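Here is a short briefing on one protein chain. Look at the structure first, then work through the points below.

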Amino acid sequence: MPFTRISLRPGYSDAQIARISDLLQQSLEAEFAVPPGDRFQIFEEIPATRHLFDRHYKSGGRSDKFIQFHILAGKPRTAAQKQNFCRRLCEELHRTLAIHPDDVMVMIQFNTAEEWSFSRGQMLSEERL
């Protein structure tokens, strides 16, 4: 049940955004054991004057293709799962869309089922398993 906010510059086509979405979802399913169809994503296009970032901090150099993925997930993952996810996502974005790994930043946070309501005001923690 991850929720991901993807921040990027304007100019990506609808097809490119759809591909980024698919690659993100495939990486989550493969490395975080997210069920198929569990896709909750928001793409934010932020003008260059409002998307401020250091082009070199802990990176070989960021370009205008810089993308930030902020993932909120309801179940903690191991360090290995997080590393594998980040590597896979970067590799697939580079291979498929020529987005360099230096242009990909991932932030992962976790919370619990008590903090999710998918509909009807019912908390996920209230659902019968």
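A contact means heavy atoms within 4.5 Å. By that rule, Phe69 touches Thr4, Arg5, Ile6, Ile20, Leu24, Leu89, Leu93, Val104, Met105, Val106 and Met107, not counting residues up to four places away in sequence.

The model is predicted: local features need pLDDT of at least 70, side-chain atom pairs count only at pLDDT 80 or more, and totals for chains, interfaces and linings use all residues. Residues are numbered from 1 along each chain as its sequence is written, and side-chain values use heavy atoms, with hydrogens and water left out.

**Strands and helices**

- Helices (H or I, at least four residues) and strands (E, at least two) are DSSP runs, numbered from the N terminus.
- Strand 3 (67-73) and strand 4 (residues 104-110) pair in the parallel sense over seven bridges.
- Two strands count as paired if DSSP finds at least two bridges between them.
- Across this pairing, Ile67 stands opposite Val104 in strand 4.
- In a regular strand, side chains alternate between the two faces of the sheet.
- A right-handed β-α-β unit is made by strand 3, helix 2 and strand 4.
- Right-handed means that, with the strands pointing away from the viewer, the path from the first strand over the helix to the second runs clockwise.

**The nonpolar core**

- Buried means under 20% relative accessible area, exposed means over 50%, and partly exposed lies in between (1.4 Å probe, protein chains only).
- A nonpolar core is a set of buried Ala, Val, Leu, Ile, Met, Phe, Trp, Tyr and Cys residues joined through side-chain atoms within 4.5 Å.
- The largest such core has 20 residues, and Ile20, Ile67, Phe69, Leu93 and Ile99 touch the most other members.
- Strand 1, helix 1 (14-32), strand 3 and helix 2 each supply at least two residues of this core.
- Helix 1 gives the most, with six residues.

**Salt bridges**

- A salt bridge is a side-chain nitrogen of Lys or Arg within 4 Å of a carboxyl oxygen of Asp or Glu.
- By this rule the count is five salt bridges.
- One of them joins the side chains of Glu44 and Arg5, at 3.2 Å from N to O.
- This pair links distant parts of the chain: Glu44 is in strand 2 (residues 41-45) and Arg5 is in strand 1 (residues 3-8), 39 residues apart.
- Glu44 is partly exposed at 26% relative accessible area, and Arg5 is partly exposed at 32%.
- Asp64 bridges to Arg55, with the closest N and O atoms 2.6 Å apart.
- Arg55 is partly exposed, at 34%.
- Arg95 and Glu92 form a salt bridge with their closest N and O atoms 2.4 Å apart.
- Both lie in helix 2 (residues 79-97), three residues apart, about one turn of the helix.
- Arg95 is exposed at 59%, whereas Glu92 counts as buried at 19%.

**Two loop residues**

- Arg9 lies in the loop between strand 1 and helix 1, and is partly exposed at 23%.
- Leaving aside neighbours within four places in sequence, Arg9 is in contact with Glu45, Ile46, His51, Asp64 and Lys65.
- The Arg9 side chain reaches the backbone oxygen of Asp64 at 3.0 Å.
- Asn111 sits in the loop between strand 4 and strand 5 (117-119), and is buried at 16%.
- Asn111 and Glu44 are 67 residues apart in sequence and 23 Å apart in space, C-alpha to C-alpha.

Conventions: Polar contact = N/O pair within 3.5 Å; in protein donor to acceptor, adjacent residues only side chain to side chain.
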